[in-house]
Amino acid sequence: METTQRHPCYSAEAHMRYARMHLPVAPACNIQCNYCTRKFDCVHESRPGVTSELLTPEQALDKFLWVKEKMDNLSVVGIAGPGDALANWPKVRSSIVMIRAVQPDVIFCLSTNGLMLPEYAQEIVDLGIRHVTVTCNAIDPVIGAKLYQYVLVKGQRLSGVDAARVLLENQMQGIRFLADHNVMVKVNIVMVKGINDTHIPAVVKAVKALGAFMTNIMPLIPAPGSVFEHMAQTSMKEINDIRNFCEVDLKQMRHCKQCRADAIGLLSEDRSQEFRMCNRNLQA
Ligand code: SF4
Ligand code: SF4
């Protein structure tokens with residue numbers, strides 16, 4: 001796909017040339033992963049779930065126009081939290097529609113836990129979004145139950161194996177649907193030693209069978225305040241060993257920076273503080 005050649009996360013060649021911006025328009029989440037805490041106004045941390053601001057769709061459009069004006073290699077606008085893109089769908093959708101109206105060739109990218117994909121996958125396709133990341137850490141609900149505290153479905157809070165099973169079924173259905181409709185699906189897998197590490201090859205094989213384009217096996221970052229805060233951070237050697245093992249089955253992403261939810265710039269840089277909306281307002 002031509003656009004993939006301009007997507008710094010999907011193409012290793014593109015990541016030194018093209019910039020992306022994450023729009024933090026998605027604060028809520030509908031599940032709780034044991035490795036996640038979401039932080040606002042956190043300037044010094046760089047990991048998923050962290051952002052210095054939350055934006056309305058109108059502010060997201062304004063920020064896009066500002067960054068676009070200053071960064072001529074901007075190719076991708078992604079929604080990567082700080083919560084789940086689909087748990088905030090009306091705001092995410094509005095942001096995409098407004099930006100698309102002023103810049104039709106922008107590449108949009110969504111990041112989701114996949115719980116609501118059965119509900120929104122058709123809309124994603126209809127909106128012309130061709131890059132979606134689904135985090136899927138286990139294809140066995142017994143293992144999944146050790147990774148998630150709860151899942152919220154239609155007003156009900158599920159936990160344990162029941163929660164993991166519903167999440168898994170929706171992820172599988174969603175990945176297959178998107179892949180069948182020409183969406184490049186990247187599957188993120190957080191490697192948690194002693195929980196899903198030996199299970200990861202099975203996850204990679206399963207998502208490949210569903211049509212995923214690539215997997216991105218990432219180290220656990222033991223976030224302060226999360227259930228897993230005292231667990232060891234997975235080493236890059238362990239990550240690379242498992243990536244090498246899985247590469248025979250499916251393309252592996254090796255340049256992920258586990259970016260903030262408001263990250264801006266090349267993957268190797270973080271210009272999020274420079275482009276905070278409070279600075280924009282000062283300039284206005
Ligand atoms: Fe955090 Fe993402 Fe898990 Fe939600 S799906 S709890 S935002 S890591
Ligand atoms: Fe790309 Fe990884 Fe950063 Fe997402 S977190 S924008 S996949 S480098």
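Me: Two strands pair if DSSP finds at least two bridges between them. Which residue in S5 is the bridge partner of alanine 19?
Reply: This is a predicted model, in which local features need pLDDT of at least 70 and side-chain atom pairs count only at pLDDT 80 or more, while totals for chains, interfaces and linings use all residues. Residues are numbered from 1 along each chain as its sequence is written, and chains are lettered from A and ligands numbered from 1 in the order in which they are written. Strand S1 (residues 19–22) pairs with S5 in the parallel sense, over four bridges; helices (H or I, at least four residues) and strands (E, at least two) are DSSP runs, numbered from the N terminus. In S5, the bridge partner of alanine 19 is leucine 74.

Me: In what order do the seven strands of the open sheet with mixed pairing come?
Reply: Strands of a sheet pair through backbone hydrogen bonds, either parallel or antiparallel. The edges of this sheet are strand S11 (214–219) and strand S12 (264–265), each pairing on one side only. The seven strands, with mixed pairing, take the order S11-S10-S7-S6-S5-S1-S12.

Me: In S7, which residue is the bridge partner of cysteine 109?
Reply: S6 is joined to strand S7 (residues 131–135) by four bridges, and these two strands run parallel. S6 also pairs with strand S5 (residues 74–79), in the parallel sense and over four bridges. In S7, the partner of cysteine 109 is histidine 131.

Me: Which hand does the β-α-β unit of S5, helix H2 and S6 have?
Reply: A crossover is right-handed if, with the strands pointing away from the viewer, the path from the first strand over the helix to the second runs clockwise. The helix of this unit is H2 (residues 89–102), and the unit is right-handed.

Me: Through which helix does the chain cross from S6 to S7?
Reply: S6 and S7 are joined by four bridges and run parallel. The β-α-β crossover from S6 to S7 is right-handed, and the helix in it is H3 (residues 117–126).

Me: How many of the six residues of S6 are buried?
Reply: A residue is buried if 20 or more other C-beta atoms lie within 10 Å of its own, exposed if 12 or fewer, and partly exposed in between, with C-beta atoms placed from the backbone. For strand S6 (residues 107–112), the number buried is six.

Me: In S8, which residue is the bridge partner of isoleucine 31?
Reply: A three-stranded open sheet has the order S2-S8-S9, with antiparallel pairing. Its edge strands are S2 (31–33) and S9 (156–158). S2 and S8 pair over three bridges in the antiparallel sense. In S8, the partner of isoleucine 31 is valine 151.

Me: Is lysine 154 buried or exposed?
Reply: Strand S8 (residues 148–153) pairs with S9 over three antiparallel bridges, and valine 153 has glutamine 156 of S9 as its bridge partner. Two residues lie between the strands of this hairpin, where lysine 154 takes a positive phi near 45 degrees. Lysine 154 has 4 C-beta neighbours inside 10 Å, so it counts as exposed.

Me: What distance does helix H5 reach from its first C-alpha to its last?
Reply: The expected span of a helix is 1.5 Å times one less than its number of residues. H5 (residues 160–180) has 21 residues, for which 30 Å is expected. Its buried residues include Ala163, Leu167, Met172 and Leu178. From first C-alpha to last, H5 reaches 31 Å.

Me: In which loop is the place of asparagine 182?
Reply: Asparagine 182 follows H5, and its phi is positive, near 65 degrees. Asparagine 182 counts as exposed because it has 10 C-beta neighbours inside 10 Å. Its place is in the loop between H5 and strand S10 (184–191).

Me: How many residues of the shell around ligand 2 are charged?
Reply: A residue is near a molecule or strand if its C-beta atom, placed from the backbone, lies within 6 Å of it. The residues that surround ligand 2 include Cys9, Arg20, Cys256, Lys257 and Cys259. Ala, Val, Leu, Ile, Met, Phe, Trp, Tyr, Cys and Pro count as nonpolar, Asp, Glu, Lys and Arg as charged, and the others, Gly among them, as polar. The shell divides into five nonpolar, two polar and, for charged residues, two.

Me: How many polar residues has the shell around ligand 1?
Reply: Eleven residues surround ligand 1, with Cys29, Cys33, Cys36, Gly83 and Asn113 the closest. By class, four are nonpolar and two charged, while the number of polar residues is five.
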